[in-house]
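Reader: I am new to this structure. Can we go through it in short questions and answers?

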Amino acid sequence: MSSKLEVCLTPALIPLYDVEDYIVVVIDIFRATTSICYGIENGAEAIIPVSQVEECSAYLEKGGDYLLAAERNGEVVEGFDFGNSPFSYTKEKVAGKTIVLTTTNGTHALHLSRNAKKIVIGAFINLTAICNWLKQQNQNILLVCSGWKNNFNLEDTLFAGAVVEQLKDSDFVVDDPAIAANDLYQLAKDDLDKYLKKTSHSERLKKLGIEADIAFCLKVDLTTAIPVLAGEKLVKLK
């Protein structure tokens with residue numbers, strides 16, 4: 001029997017899926033999943049995703065050598081080491097470290113998907129690696145777009161479409177959101193940056209002066225690491 005390849009267009013729709021029947025790929029292109037992939041590629045021991053800023057702060061009291069990363073509305077939360085800019089996740093900063101991370105959208109989507117068979121993290125920077133791995137799994141796949149505050153967004157949907165593009169010729173049954181995501185990707189693929197200049201999130205980030213982050217998040221295949229959730233931690237898939 002063919003496996004399903006489906007796209008959940010916002011975290012608000014996750015309850016409509018029996019996530020325990022799927023491998024879930026969590027997508028938050030601007031910027032959480034890009035930063036997670038980059039951090040794991042650059043030797044971070046683990047990244048612990050938490051929903052609330054308070055949970056992130058609580059790790060200070062646990063002792064241990066944690067880096068604390070908190071972002072809300074695109075900005076670093078005051079008092080934290082950094083937010084979710086990929087440029088904070090360089091080898092020099094993260095190699096051998098455990099990072100506790102909370103973001104507006106990505107960690108929210110991840111927590112809602114916790115009952116999945118397996119959760120992996122996808123971004124343009126690990127696109128081919130994650131697609132090649134997904135092709136080998138013979139499992140139902142749900143691509144979960146983190147969106148913006150439970151709303152649909154374009155950049156996550158385009159990435160889902162890019163995954164569908166690589167997987168659609170394998171033996172998957174795709175749903176309507178997957179077809180729509182792939183159609184959008186066909187429109188945008190020749191110049192992702194130009195297409196995504198119209199997105200609301202891109203506008204928000206530009207107002208914060210972080211266009212370089214946007215450009216970085218649209219680079220394809222910079223990394224091969226696939227972060228996977230093991231217990232409470234995201235670690236490198238072996």
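Reader: At the start of α7, which backbone nitrogen does a side-chain oxygen of aspartate 175 reach?
Author: This is a predicted model. Aspartate 175 sits at the start of α7. One of its side-chain oxygens comes to within 3.0 Å of a backbone nitrogen, and that nitrogen belongs to alanine 178.

Reader: How far does helix α7 reach from its first C-alpha to its last?
Author: Helix α7 covers residues 176-188, which is 13 residues. At 1.5 Å a residue, 18 Å is expected. The helix comes close to that, with a reach of 19 Å.

Reader: Within what arc do the buried residues of α7 fall, seen down the axis?
Author: The buried residues are Ala178, Ala181, Asn182, Leu184, Tyr185 and Ala188. An α-helix has 3.6 residues a turn, so residues three or four places apart point the same way. The buried residues of α7 line one face of the helix, because their arc is 160°.

Reader: Which residues are exposed on the other side of α7?
Author: Buried residues such as Ala181 and Leu184 belong to one side. What covers the buried residues includes β1 (3-8), α6 (154-167), β9 (172-174) and α8 (192-196). On the other side, the exposed residues are Asp176 and Leu187.

Reader: Where is tyrosine 22, and is it buried or exposed?
Author: Tyrosine 22 is in the loop between β1 and β2. Its relative accessibility is 4%. Buried means under 20%, so at 4% tyrosine 22 counts as buried.

Reader: With which side chain does the side chain of tyrosine 22 make a polar contact?
Author: Leaving out residues up to four places away in sequence, tyrosine 22 touches several residues, among them Lys4, Glu6, Tyr17 and Leu142. A polar contact of 2.7 Å links its side chain to another. The partner is glutamate 6.

Reader: How far apart in space are tyrosine 22 and asparagine 115?
Author: In sequence, 93 residues separate tyrosine 22 and asparagine 115. Tyrosine 22 also touches Ala116, Lys117 and Lys118. From C-alpha to C-alpha, tyrosine 22 and asparagine 115 are apart by 9.1 Å.

Reader: How far apart in space are cysteine 131 and glutamate 61?
Author: Cysteine 131 and glutamate 61 are 70 residues apart in sequence. Cysteine 131 is found in helix α5, residues 127-135. The C-alpha to C-alpha distance between cysteine 131 and glutamate 61 is 39 Å.

Reader: What is the relative accessible area of cysteine 131?
Author: Beyond its neighbours within four places in sequence, cysteine 131 is in contact with Val163, Gln166 and Leu167. Cysteine 131 is buried. Its relative accessible area is 0%.

Reader: Which residue's side chain is joined to that of serine 85 by a polar contact?
Author: Serine 85 lies in the loop between β5 (75-76) and α3 (91-94). It counts as buried, because its relative accessibility is 15%. Its contacts outside four places in sequence are Arg31, Ser35 and Asp213. The polar contact spans 3.0 Å, and the partner is aspartate 213.

Reader: What kind of peptide bond joins phenylalanine 30 and arginine 31?
Author: Arginine 31 is in the loop between β2 (23-27) and α1 (32-41). Omega for the bond from phenylalanine 30 to arginine 31 is about 15°. The bond is cis.

Reader: Is asparagine 138 buried or exposed?
Author: Asparagine 138 is in the loop between α5 and β8 (141-145). Its phi is near 50°, positive in a residue other than glycine. With a relative accessible area of 64%, asparagine 138 is exposed.

Reader: What phi does lysine 149 have?
Author: Lysine 149 is in the loop between β8 and α6. It counts as partly exposed, at 47% relative accessibility. Lysine 149 is not a glycine, yet its phi is positive, about 50°.

Reader: What is the radius of gyration of the protein?
Author: The protein has 10 helices and 11 strands. The globule rule gives 18 Å for 238 residues. The protein is close to that, so it is as compact as a globular protein of that length, with a radius of gyration of 16 Å.

Reader: What share of the residues is buried?
Author: The C-alpha trace spans about 50 × 35 × 30 Å along its principal axes. The protein exposes about 10,300 Å². Of its 238 residues, the buried share is 56%.

Technical notes:
Residues are numbered from 1 along each chain as its sequence is written. This is a predicted model: local features need pLDDT of at least 70, side-chain atom pairs count only at pLDDT 80 or more; totals for chains, interfaces and linings use all residues. Side-chain values use heavy atoms; hydrogens and water are left out. Helices (H or I, at least four residues) and strands (E, at least two) are DSSP runs, numbered from the N terminus. Buried means under 20% relative accessible area, exposed over 50%, partly exposed in between (1.4 Å probe, protein chains only). A polar contact is a pair of N or O atoms within 3.5 Å; within protein, one must be able to donate a hydrogen and the other to accept it, and residues adjacent in sequence count only if both atoms are side-chain atoms. Contact means heavy atoms within 4.5 Å. The expected span of a helix is 1.5 Å times one less than its number of residues. The arc is that of the directions from the helix axis to the C-beta atoms. The radius of gyration is taken over C-alpha atoms; the globule rule is 2.2 Å times the number of residues to the power 0.38. Accessible areas come from the Shrake-Rupley method with a 1.4 Å probe; for residues, only the protein chains shown count as cover.
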